[in-house]
Amino acid sequence: MADQNHELRKAGLKVTLPRVKILQILENASGQHHLSAEEVYKTLIDAGEDVGLATVYRVLTQFETAGLVIRHNFDGGHAVFELTQEDHHDHMVCLDSGEIIEFVDEMIERRQQEIAEEHGYELVDHALVLYVRPKGAGLPRSDGHSPKSRR
């Protein structure tokens, strides 16, 4: 808990129990780095914590403003949050399962920089999201019809 207290103070936020608990949930999100406010709320309820959904939204927005988390609005506008990381990464979102995959590709990073420079700009920041589905998922069905896209 001392680590969370330090992180909150460093971000200029007062240490409160809801903030500490929500930060712990984000830090301990095993295998799932991107959580919605509803998922954070459900985790709190499952742990017996008495924190309202409005409080979760408010704290996540405070965390975003303080630079502790990044809000992503992937396909469908559903917001998810991940802890801010020092190393840049991009995302793939599976249209079938909703799974979010993080990846780093130096060639893509280099090419984006080159494109900005070719157009006379300095690249300041970017967010790359690839919307994917498993290979073969878009093949025609046995009745000859193609599955409908979710986008």
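**View 1. Asp 105 caps the N-terminal end of helix H5 in this predicted model.** A side-chain oxygen of Asp 105 lies 2.9 Å from the backbone nitrogen of Met 107. Helix H5 comprises the 13 residues 106–118. At 1.5 Å a residue, H5 should span 18 Å, and the 18 Å separation of its end C-alpha atoms agrees with this expectation.

**View 2. Buried residues of helix H5 pack against strand E3.** Glu 109, Gln 112 and Ala 116 of H5 are buried. These residues lie on the same side of H5, because they cover an arc of only 65° around the axis. Strand E3, with which the buried residues of H5 pack, is formed by residues 90–94.

View 3. Just after H5, Gly 120 adopts a positive phi of about 80°.

**View 4. Strands E1 and E2 pair in the antiparallel sense.** Strand E1 consists of residues 69–73, and five bridges join this strand to E2. Within the pair, Val 69 stands opposite Leu 83 of E2. Strand E2 covers residues 79–83. Four of the five residues of E2 are buried, that is, under 20% relative accessible area, so the strand is largely enclosed by the rest of the structure.

Notes
Residues are numbered from 1 along each chain as its sequence is written. This is a predicted model: local features need pLDDT of at least 70, side-chain atom pairs count only at pLDDT 80 or more; totals for chains, interfaces and linings use all residues. Side-chain values use heavy atoms; hydrogens and water are left out. Helices (H or I, at least four residues) and strands (E, at least two) are DSSP runs, numbered from the N terminus. The expected span of a helix is 1.5 Å times one less than its number of residues. Buried means under 20% relative accessible area, exposed over 50%, partly exposed in between (1.4 Å probe, protein chains only). The arc is that of the directions from the helix axis to the C-beta atoms. Contact means heavy atoms within 4.5 Å. A polar contact is a pair of N or O atoms within 3.5 Å; within protein, one must be able to donate a hydrogen and the other to accept it, and residues adjacent in sequence count only if both atoms are side-chain atoms. Two strands pair if DSSP finds at least two bridges between them.
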